[in-house]
Amino acid sequence: MRRAAIPLLAWAVLLTCSAVGLWIYSHSWLNATLISAAAALTYLIALGFVIRHRRMPDASEARAHPELSVRALPDLSFGSALIGIAIATMIFGAEFGLFLVYIGLGLLLFGVARLIFELRAERRALEEARR
Amino acid sequence: MSTIAARRRAPAWTSVIGATDHKTLGRNLLIAAFAFFIAGGVLALLMRLELAAPGMQFVSHDTYSELFTMHGSTMIYLFVTPLALALGVYLVPLQIGAADISAPRLANVGFWLYITGGLTLESGFLTAQGPGKAGWFATWPLSTSGATPGTGMNLWVLGVIMSALGMIAIGVCLLGTIMRRRAPGMTLLRMPPFTWTQLVTALMVIGGFPVLVLVMTLLYLDRQGVHIFNGFEGAIDYQNLFWFYGHPVVYVMFFPFVGCALEAIATNTGRRLFGYRLFALSLLLFTALSMSVWAHHMYTTGGITNRYFAFTSTALLVPAGIEYFDMLGTLIGGSIIYRTSLLFGVTFFLQFLVGGASGIFVASPTLDYHAHDGYFVIAHFHYTLFAGSIFGFFAGVYHWFPKAFGVTLREGLGKLHLVLLIIGTNMTFFPMFFLGQEGMPRRVATYPRSTGWETLNTVETVGAFIIALAIVVFLWNVVVSLRSHVAAGPDPWDGQSLEWATSSPPPRHNFDVLPPVRSYAPLLDLKKAGEWPRRRELEETPA
């Protein structure tokens, strides 16, 4: 699956070509910097996929490792919804006052705690399947 | 009794709040985006009513500024972009044989940021000084606190930040899904065309949207008195930063619908997509070029290198041409079935052609000096953004509706919907080319009677209401089709990709059995080899 990073690298190379063009022809440093940053970001993402490559197990591997066929992901995740609303509340606080930022922080804490519970339950389910 | 059987079923509303299933998430996003589309559409109708005749009819100049700002913002930030990603959230895991989307919780965070962002943006209507009124790109210095004071404009900026963060989160999930969750045998060059379009869309979201978050944060700080942008250079810097997001987003709102149209065309011709590998390559080239053309929105500023951006903008013709040849090559020699989805798909390419061809004019700095900030540009971008998204979207809707809801949409109503939409679109947007040529500027609530623009403006207003009628027909079609309860079956169109290998709607885990993947049309391979039943065989099989 490392080859999956090829289109990302190809895209990054194309962006680099464009960046080189801008460094040569443009008199605005911001123009060239923007596209160079996009190219650099794409190289980084491609590198990430190369380093942490993983693929889906095929049928034979799934038989050897029954935990791979277990769906431990819960259908509902209130923690994630709470985190989304918390971030929005904090951003809203920029306009309407610091109290909203504090409320958002509180919600964020609740959301993260709930998410930790969910992730622990998920891990327990996988461990049970392994046993 | 097992523990699972004894567990109480969660109420339906909880799936709106905390869904981790990509299908529920995708559906929630689609419904929310469509609701925003109706809101944005109502604003457009109000604008068209005002412009139907010279003089001020219904609204003040100030209210008109709010209307066009909120119409553009709603359509771009809250409708088309989320819609494009919503289709990916629903369909990509199904097309690549995955059980889930990557990081579904992050996708849910993204959904909530988008919803709250949308509500924040629209909540400006509740403030004393009204919502944002500096245009959908909040041109600096028009968007300074001096020029557009008030909480509404601040809420507009914050809403854009939130919804952009939401889109980035969803884009990251889509990229992760495509890179790491493909079924065994599903190499990159075996991914269906629609998934390819989602891959490049995710890349552009990740590459371009952070800059939107950055520029909006800087604008917010600027409005709070921290002087970020100053003088001429500040205005140029703002535009550079904004359009670095603002042009790629045009393609975010286009590529997924190219995928929808091509899938509908390939399925309804019974042929593989013509020139698949070249299509994938052209998408990458298209994407890279689309990230390199942003400053063609700034030709008239004198602050950029026009020649370079004219070159990259014109070069877009090459990958676009390849996609048109792919479409034509697929149609030629195919056994075409004139279903609504195919007709929408072909119309999508034809209508976008008008936008693309007029794009050649505005890609040229010399011609752009004449067309800039006039109705010619409005016509051009409505053919690319409205026709270049909505026709492809409806091709996808008529194609995949049975997969998502288990029933097919009615063909008769679908064709009526298509005809009305074609008439409405062309009546509304084509006269704008003539108005632009004659010098009608954008963002004006009125025009002198002596200009003779009234007839064309009245035609446009009638056209806008025909578009609204087409949308009503579509919604009616959805209602009657859902109430008919006639099961569509797993594969009503003789589909080519993996999503047609599972039930309609798919189960929570998507697939009970995955067929082998040998090409980008795995089901077509199996059907040709006689290893998978065709639609007719499925219909003849006793229940």
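**Notebook: a walk through chains A and B**

I began at Ser504(B), where a polar atom of the side chain lies 3.0 Å from the backbone oxygen of Gly489(B). I count a polar contact as a pair of N or O atoms within 3.5 Å; within protein, one must be able to donate a hydrogen and the other to accept it, and residues adjacent in sequence count only if both atoms are side-chain atoms.

A note on what I am reading: this is a predicted model, in which local features need pLDDT of at least 70 and side-chain atom pairs count only at pLDDT 80 or more, while totals for chains, interfaces and linings use all residues. Residues are numbered from 1 along each chain as its sequence is written, chains are lettered from A and ligands numbered from 1 in the order in which they are written, and side-chain values use heavy atoms, with hydrogens and water left out.

**More on Ser504(B)**

I found Ser504(B) in the loop between helix 18 (454-484) and helix 19 (522-528) of chain B; helices here are DSSP runs (H or I, at least four residues), numbered from the N terminus. The side chains of Ser504(B) and Lys403(B) are joined by a polar contact of 2.9 Å. Is Ser504(B) buried or exposed? Ser504(B) is buried, because its relative accessible area is 18% (buried means under 20%, exposed over 50%, partly exposed in between, with a 1.4 Å probe and protein chains only).

**Where the chains meet**

Next I looked up the contact between the chains (heavy atoms within 4.5 Å), which takes 54 residues from chain A and 60 residues from chain B. I noted three salt bridges between chain A and chain B, a salt bridge being a side-chain nitrogen of Lys or Arg within 4 Å of a carboxyl oxygen of Asp or Glu. Arg105(B) and Glu118(A) form a salt bridge, with their closest N and O atoms 2.9 Å apart. On the side of chain A that touches chain B, the elements giving two or more residues are helix 1 (6-25), helix 2 (29-51), helix 4 (78-96) and helix 5 (98-130). Helix 4 of chain A gives the largest share, 13 residues.

**Leu119(A) and a cysteine**

I placed Leu119(A) in helix 5 of chain A; at 40% relative accessibility, Leu119(A) counts as partly exposed. For Cys173(B), the nearest cysteine sulfur is that of Cys260(B), 20 Å away. Cys173(B) is buried, at 1% relative accessible area.

How values were computed. A disulfide is a pair of cysteine sulfur atoms within 2.5 Å.
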